[in-house]
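Here is a short tour of one chain, meant to be read with the model open beside it.

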Amino acid sequence: RADSTPAAAMPGIDKLPIEETLEDSPQTRSLLGVFEEDAAAISNYINQLFQAMHRIYDAQNELSAATHLTSKLLKEYEKQRFPLGGDDEVMTSTLQQFAKVIDEASTCLCFTYLPNLSSCHAVLSTQLADAMMFPITQFKERDLKEILTLKEVFQIASNDHDAAITRYGRLSKRRENEKIKAEVTEDVYTSRKKQHQTMMHYFCALNSLQYKKKIAVLEPLLGYMQAQISFFKMGSENLTEQLEEFLTNIGTSVQNVRREMECEVENMQQTIEDLEVASDPLYLPDPDTTKFPVHRNLTRKAGYLNARNKTGLVSSSWERQFYFTQGGNLMSQARGDVAGGLVMDIDNCSVMAVDCEDRRYCFQITSFDGKKSSILQAESKKDYEEWICTINNISKQIYLSENPEEIAARVNQSALEAVTPSPSFQQRHESMRPTLPSRPPAARTSSTGSLGSESAALSALSLDSLVAPDTPIQFDIISPVSEDLPGQAKSSGQAGRRTNPFGESEGSKSETEDSILHQLFIVRFLGSMEVKSDESPDVVYETMRQILAARAIHNIFRMTESHLLVTCDCLKLIDPQTQVTRLRFPLPNVVLYATHQENKRLFGFVLRTSGGRVESRQASICYIFESNNEGEKICDSVGLAKQIAFHAELDRKASEKQKEMERVKEKQQKELNKQKQIEKDLEEQSRLIAASSRSNQSSGEGQFVVLSSSQSEDSDLGEDGKKKRESEA
């Protein structure tokens, strides 16, 4: 017996989000897969129901069996595992009631005799053809085939779009051909537009299918029951007024579902038209940033990126995947995957723009410990800058606050105000220093060093006493000495010489070969600027703040990676690819070095030179670098090198003093030996003179005087010889 309660309203219909078709995220694709699976289940079920109803129409002799099978299928509706709408209790109870009524009608057919049976069966066949077979045939041949056709068209459009994006990603940055670029861009535009439009219509058809499947099931059953009522006039006692009321309620529900479907289809069509107009500029792979500004305060970001994967020592491949941030993690998700996987932890990470394989919009993310890095390529300049800004914001752990975007905007605003002179250095640092648990100040003698003593009143100095207000900032590794002061190039070192970081040179003896200290670090140059003081680490901190603020204001993300070689003679910046020395800093000229108080990856040193922006004066230049969390190690290494150099200088001076003393002693010994020889010659001369005097006395009147050998020589040499001998004596 039919339930007299009016049919309840149908529950909410699950729908695909047409607004997200342009983004085409893996979540949308996964949801699309659920709808496609549901469409396949509907098609399978409708085919079975169609065959059952077709048996009713084909053979009246099998009417009872076919009716029974129909009732059975209706009862099994609740057992069907539909991905969408499987728990529709109203639909299940309605079909159960239909199955009950059909069973009663089948029983009535078996035991009822109708006059003019042939005419009644002809009328019944006509009614079954019009009211039962026609709706389900239309749904099967038109709606379900439309879904299959749109699915094939969408798959083709998706493949064409992926191929166009791949060709666009391979565009060369160095050899840019405007014709090829225009063709590839037009190809991306056309394929993306085609995919978007096809996807929207495909989504619309799948959403409509959720309504049509109910109509396709209920409307044929309604026609079947009405035909049976007309046929069973003689068995009207089995078709009570309650059944008629039930059928009326079902008919009303079907009409309500149809009207709701028509209204929803109209809304979806309007949404498609609006999205087509609004999304037209977004079909371009690199939209104009003036029309679509870059959002720099984001703490969450999602989108497709090309990831570089190494396939060999020198070969690599690029894979397009969907990336998104989740808290402090960077996640990736391939198309079709239900969930994403962890790429790396980006808390306290570093991100920088890089040049990679002649591709545009590439950036590298390096983890906190420097052990893991990933090179990614964005599709547009807008995405490229937004990804870098977002990862920078996340690396500062802004996402942990209650209003992350507001705090990110405040931090960026602080960066804009960072180059504005403040009343004092102390007030500026106190306003920028985050609130941390109190801890005693620990002085690191190994991390900071200076040739002069630190001034106790430096905290009260103004900004002008630390950094000149009009000082330019150098962001590239170009020695200002070699550009502006050619006479100083020799003292700063020779650039462009190929150097082995382990102390060996090519063809000649290295200038650092005798150094007992060789330590190599990976660093990235942030910038340099001239400073007015080199007596306190606060000068390095202030330079770090100004350089980082200037980079944030001018959107400078690119950093040059180098190898920093620390020896007892100098600091060298070496190109990691060519091993060519980019810059050389003599160690005696490095008068101050320090690492950042909070971010241990940042460190800097002050180099004292013999010239600056003003001629004929000594200048100090502060260089700032970023390392892989090794700032303190680098400062310790520089301090050790200066200590070794200092002791080596003391040893050298002591050695020179010892050699000087030995030379003086040797000279004194020579003078003493010479004096002794002169005294010996004088004694010999006196002896000869005495002997000559005795000889003269004994001879008396002799005619000759015997001269000594020395006197004979004096007579031969003449007056000049006598003077010379006297001077020697």
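## A helix pair and what surrounds it

In this predicted model, helix α1 (residues 26–58) packs against helix α5 (residues 178–231) at an angle of about 30°, and their axes lie 10 Å apart. Angles under 35 degrees count as roughly parallel, so α1 is roughly parallel to α5. The crossing in which α1 passes α5 is left-handed. Sorted by class, the contact of α1 with α5 has 19 nonpolar residues, along with four polar and four charged ones.

Let us turn to the cores. The largest nonpolar core has 55 residues, and Ile46, Leu95, Phe98, Leu206 and Val217 are those with the most contacts inside it. Two or more residues of this core come from each of α1, α3 (89–111), α4 (117–169), α5 and α6 (241–278). The largest share, 17 residues, is given by α5.

Which residues is Phe98 in contact with, leaving aside its neighbours within four places in sequence? They are Leu74, Leu218, Leu221, Met225, Phe246, Leu247 and Ile250.

Now for the backbone. Most residues other than glycine have a negative phi.

| Residue | Phi | Loop | Relative accessible area |
|---|---|---|---|
| Asn348 | about 60° | between β4 (341–345) and β5 (350–353) | 33% |
| Tyr361 | about 55° | between β5 and β6 (362–366) | 17% |

Asn348 has a positive phi although it is not a glycine, and Tyr361 likewise has a positive phi without being a glycine. Are these residues buried or exposed, or partly exposed? Asn348 is partly exposed, whereas Tyr361 is buried. The cut-off for buried is under 20% relative accessible area, so Tyr361, at 17%, counts as buried.

Finally, a step back to the whole chain. Its secondary structure comes to 14 helices and 15 strands. How much of the chain do buried residues make up? They make up 41% of its 729 residues. Of the contacts in the chain with a separation of 6 or more, 70% are between residues 24 or more positions apart.

Key:
Residues numbered from 1 in each chain as written. Predicted model: local features only at pLDDT ≥ 70, side-chain atom pairs only at ≥ 80, totals over all residues. Heavy atoms only, no water. Axes fitted to C-alpha atoms, helices over the stretch in contact; angles between N-to-C directions. Helix = DSSP H or I, 4+ residues; strand = E, 2+ residues; numbered from the N terminus. Parallel < 35°, antiparallel > 145°, perpendicular 65-115°, else oblique. Left-handed = near helix turned anticlockwise from the far one by under 90°. Nonpolar A, V, L, I, M, F, W, Y, C, P; charged D, E, K, R; others polar. Core = buried A, V, L, I, M, F, W, Y, C linked by side-chain atoms within 4.5 Å. Buried < 20%, exposed > 50% of the residue type's maximum accessible area, 1.4 Å probe, protein only. Contact = heavy atoms within 4.5 Å.
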